[in-house]
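Hi everyone, thanks for coming.

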Amino acid sequence: MGVMKINPFYFVVQISFDVISSFIIFFLFSSVSPSYGYDPLDPHGNITIKWDLLQSNPGSNDVKVSILNFQLYRHIEQPGWKMGWDWTRDEVIWAMQGAEATEQGNCSRFKGGQLPHCCEKRPFIVDLLPGAPYNMQTTNCCKGGILSSMIQDPSKFGAVFQMSTSAATNESGFHMPENFTIGVPGYTCAKPVQVAPSKYSSDGGRRWTQALGTWNVTCMYSQFLASTSPKCCVSLSAFYNSTIVPCPKCSCSCQGLPGAKCVKFGETPSLLRQIKDLNRESPSFVRCSQHMCPIRVHWHVKQSYTHYWRVKITVNNLNILKNYSQWNLVALHPNLKSLIQVFSFNYEPLNQYGQINDTGMFWGIEYYNDMLLQEGESGNVQTEMLLLKDPDMFTFREGWGFPRRILFNGDECVMPPPDQYPRLPSTAQLGAQLSFSTILFLLWLLILCAE
């Protein structure tokens with residue numbers, strides 16, 4: 001029985017490879033923060049809180065706060081933003097316009113006269129509702145905390161409120177608060193950074209005044225912080241294949257798992273009989289399915305012409321309780337640069353990298369389909385688009401006609417595995433069908449000749 005020789009060089013290389021691999025994995029996981037929210041489709045997108053100190057008098061400060069949504073396609077929907085911060089001293093808010101604090105807090109140390117608007121060490125501020133009294137309004141207020149994205153409605157991407165603050169003691173001066181939040185899942189805010197003072201003009205630009213000081217707080221979004229599971233999935237089909245590729249199983253959850261709530265067809269959940277809290281987001285209560293996602297996007301390659309091809313997109317809402325207002329859909333496909341026409345939807349390309357125009361944003365037409373209703377017969381919106389066949393890249397092979405990525409309301413949707421995409425019939429199958437048809441035709445001719 002021979003003795004197997006072992007090459008020691010193999011172990012040296014193997015150990016070195018394992019060490020290097022472990023180091024790379026450790027570096028990646030240690031250097032990337034879980035709250036890091038960089039989005040390559042919207043590299044400059046963020047929500048900025050701008051804090052302007054307008055006046056500073058002994059014992060009081062007048063402040064103007066703006067919240068600006070600089071994201072191309074992510075918006076803030078109901079119940080809206082809810083801004084919070086920590087005072088660094090014992091400041092209180094005496095008066096507010098354009099917003100209000102959710103709690104007044106303990107103001108017992110103030111004796112006699114009018115009490116402050118809010119005495120909380122950490123106040124939480126919400127936008128006023130539409131129709132608020134005029135003496136409580138400011139410019140760009142009173143939208144219930146809803147902020148549009150930059151592309152959908154540039155006139156409604158910001159909100160503003162003003163307040164008068166002071167320290168409860170005789171301490172004078174201004175101290176910038178810290179630990180800002182906006183009360184929307186997925187957003188993390190950085191520390192305040194002092195920038196160049198904001199300038200204002202009330203007479204068309206003839207005279208400008210400026211704030212005594214301006215601080216910016218940048219808030220970034222991370223889907224991983226917003227939810228532990230995806231919120232949408234994608235199914236695929238094509239005219240050249242009878243197979244409909246469904247959403248991957250358990251894309252968003254699985255029936256039977258803790259916290260997975262779904263309603264079978266024909267059933268009505270008892271939750272529908274309860275009163276909804278308008279200050280909180282509706283719970284996710286979906287129709288039972290194999291994927292358990294509240295949103296399903298279906299991409300259908302509908303037809304092929306000589307110089308064009310047509311795609312149909314359908315968005316289904318499977319959420320029993322929630323309507324989606326100002327919804328939007330982002331798709332990434334290389335042929336979007338040759339898009340000719342979109343029916344029933346608004347469309348805007350997201351060409352953030354110059355000539356690379358492979359991403360576009362779809363959203364509903366106002367008063368027509370900008371509201372995606374809850375699950376049911378009307379719980380869907382759909383469009384068709386016509387694209388020019390680019391001779392340098394167009395093909396139906398290998399699933400090229402299907403999107404690379406789909407996002408709904410800024411969240412990535414789960415795509416089917418590429419090996420499951422509907423494929424063109426193979427040449428062998430076409431050849432076999434042709435040969436069989438030829439044989440039948442020849443047999444028919446022989447029968448005719450024999451007669």
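Let me start with a question: is Tyr38 buried, partly exposed or exposed? Tyr38 is partly exposed, because its relative accessible area is 42%; here buried means under 20%, exposed means over 50%, and partly exposed is in between, with a 1.4 Å probe and protein chains only.

Before going on, a word on where this comes from: this is a predicted model, in which local features need pLDDT of at least 70, side-chain atom pairs count only at pLDDT 80 or more, and totals for chains, interfaces and linings use all residues. Residues are numbered from 1 along each chain as its sequence is written, and side-chain values use heavy atoms, leaving out hydrogens and water.

Back to Tyr38, which you will find in the loop between helix H1 (8-31) and strand S1 (47-57). Helices (H or I, at least four residues) and strands (E, at least two) are DSSP runs, numbered from the N terminus.

Now the aromatic rings. Rings of Phe, Tyr and Trp (its six-membered ring) pair if their centres lie within 6.5 Å; planes under 30 degrees apart are called stacked, over 60 edge-to-face, and the rest tilted. By this rule there are 22 aromatic pairs. One of them joins Trp51 and Trp87, and the pair is edge-to-face because the planes are at 80 degrees, with the ring centres 6.4 Å apart. Trp51 lies in strand S1, while Trp87 is in the loop between strand S3 (82-86) and strand S4 (91-97), so this pair ties together parts that are 36 residues apart in sequence. Are these two buried or exposed? Trp51 counts as buried, at 1% relative accessibility, and Trp87 counts as buried too, at 4%.

Next, please find Phe394 and Phe396. They also form an edge-to-face pair, 4.9 Å centre to centre with 75 degrees between the planes. Phe394 is partly exposed at 21% relative accessible area, whereas Phe396 is buried at 10%. Both belong to a cluster linked by ring pairs, together with Phe239, Tyr240, Trp309 and Trp400.

One last stop: Asn319, in the loop between strand S19 (308-317) and strand S20 (324-325). Asn319 is buried, with a relative accessible area of 2%. What lies 3.4 Å from a polar atom of its side chain? That is the backbone nitrogen of Lys322.

Note on methods. A polar contact is a pair of N or O atoms within 3.5 Å; within protein, one must be able to donate a hydrogen and the other to accept it, and residues adjacent in sequence count only if both atoms are side-chain atoms.
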